[in-house]
Amino acid sequence: MNDKGSPRVLILMGSDSDWPVVKAACDLLEEFGVPHRATVASAHRTPERVRELVQEAEAAGAGVFIAAAGMAAHLAGAVAALTYRPVIGVPLSSKMGGIDSLLSTAQMPNGVPVATVAVDGAANAALLAVQILAVGDPRLSQRLAEHKGRMRETVLAKAAKLVK
Ligand code: RP5
């Protein structure tokens with residue numbers, strides 16, 4: 001789960017059961033060549049580990065944090081309490097359809113923002129992280145432009161096939 005070099009994005013997930021969804025974030029960061037680290041740390045079960053990982057990653061130069069959790073999903077908020085860097089929350093689907101995770105992640109108090117993506121939106125979380133890092137990185141900006149171009153071509157190809 002680890003690229004070479006200091007991670008520019010640290011991805012935390014509340015449990016290893018979250019990995020099948022979170023993997024999409026790692027895949028996207030690999031596609032963009034962004035060094036990242038993904039590991040398990042729970043806001044409730046291992047709060048000290050969350051603190052250590054955030055502090056270590058920040059000291060090593062991480063620019064964005066992604067936190068994915070389900071149910072009473074406080075991980076992203078807990079990370080945001082520990083850093084000034086942007087935090088992206090990924091609410092994960094649950095027995096309640098993810099509405100519990102969505103509200104737990106998004107409804108942050110003033111002063112401690114978490115940028116929350118859709119339920120199970122791990123790939124979009126990674127894309128948003130790339131967009132944040134690209135503000136100061138022309139190479140990443142170019143890759144984002146190419147990505148948008150590929151999406152446009154895909155939609156146009158679909159439109160060409162489906163004309164009624
Ligand atoms: C959350 O509780 C985790 O992020 C996971 O989505 C959910 C269930 O965790 P496990 O019981 O599978 O460890 O904290």
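Predicted model: local features only at pLDDT ≥ 70, side-chain atom pairs only at ≥ 80, totals over all residues.
Residues are numbered from 1 along each chain as its sequence is written, and side-chain values use heavy atoms, with hydrogens and water left out.

Glutamate 31 pairs with arginine 150 in a salt bridge, with the closest N and O atoms 3.7 Å apart (a side-chain nitrogen of Lys or Arg within 4 Å of a carboxyl oxygen of Asp or Glu). The pair links distant parts of the chain: glutamate 31 is in helix α1 and arginine 150 in helix α6, 119 residues apart. Helices (H or I, at least four residues) and strands (E, at least two) are DSSP runs, numbered from the N terminus. Arginine 150 is partly exposed, with a relative accessible area of 44%.

## Other salt bridges

The structure holds four salt bridges. One of them joins the side chains of arginine 8 and aspartate 137, at 3.3 Å from N to O. Arginine 8 lies in the segment before β1 (9–13), and aspartate 137 sits in the loop between α5 (122–134) and α6 (138–161), so this pair ties together parts that are 129 residues apart in sequence. Arginine 8 is partly exposed at 27% relative accessibility. Aspartate 137 is buried, with a relative accessible area of 13%.

Another salt bridge stays inside one helix. Aspartate 27 meets lysine 23, and their closest N and O atoms are 3.0 Å apart. The two residues are four apart in helix α1 (residues 19–31), so about one helical turn separates them. Aspartate 27 is partly exposed, at 35% relative accessible area. Lysine 23 is also partly exposed, at 37%.

## Largest pocket

The largest pocket has about 380 Å³ of space. It is lined by 20 residues, and the closest to its centre are Ser15, Asp18, Ala69, Gly70 and Met71. On a 1 Å grid over the protein atoms alone, a pocket is an open set of points where a 1.4 Å probe fits, with protein on both sides within 12 Å along at least five of seven lines, and lining residues have an atom within 4 Å of a point. The volume is the space filled by probe spheres set on the points, which are joined across faces, edges and corners.

By class, the lining has eight nonpolar, nine polar and three charged residues. Ala, Val, Leu, Ile, Met, Phe, Trp, Tyr, Cys and Pro count as nonpolar, Asp, Glu, Lys and Arg as charged, and the others, Gly among them, as polar.

## Positive phi angles

Most residues other than glycine have a negative phi. Methionine 71 has a positive phi near 60° and is not a glycine. Methionine 71 is found in the loop between β3 (64–70) and α3 (75–80). At 56% relative accessibility, methionine 71 counts as exposed.

Aspartate 120 also has a positive phi, about 65°, without being a glycine. Aspartate 120 lies in the loop between β5 and α5. Its relative accessibility is 30%, so aspartate 120 counts as partly exposed.

## Nonpolar surface patch

Met96, Ile99 and Leu103 make a nonpolar surface patch of about 310 Å². Patch residues have over 30% relative accessible area and no salt bridge; nonpolar side chains (Val, Leu, Ile, Met, Phe, Trp, Tyr) are joined within 5 Å, like charges within 9 Å. Areas come from the Shrake-Rupley method with a 1.4 Å probe, and for residues only the protein chains shown count as cover. Isoleucine 99 lies in helix α4 (residues 99–106). Isoleucine 99 is partly exposed, at 43% relative accessibility.

## Buried valines and an exposed loop

Valine 34 is in the loop between α1 and β2 (36–40). At 1% relative accessibility, valine 34 counts as buried. Valine 34 and serine 6 are 28 residues apart in sequence, and their C-alpha atoms are 9.9 Å apart. Valine 87 belongs to strand β4 (residues 87–92). Valine 87 is buried, with a relative accessible area of 4%.

Asparagine 110 sits in the loop between α4 and β5 (115–116). At 83% relative accessibility, asparagine 110 counts as exposed. Asparagine 110 and proline 91 are 19 residues apart in sequence and 19 Å apart in space, C-alpha to C-alpha.

Note on methods:
Buried < 20%, exposed > 50% of the residue type's maximum accessible area, 1.4 Å probe, protein only.
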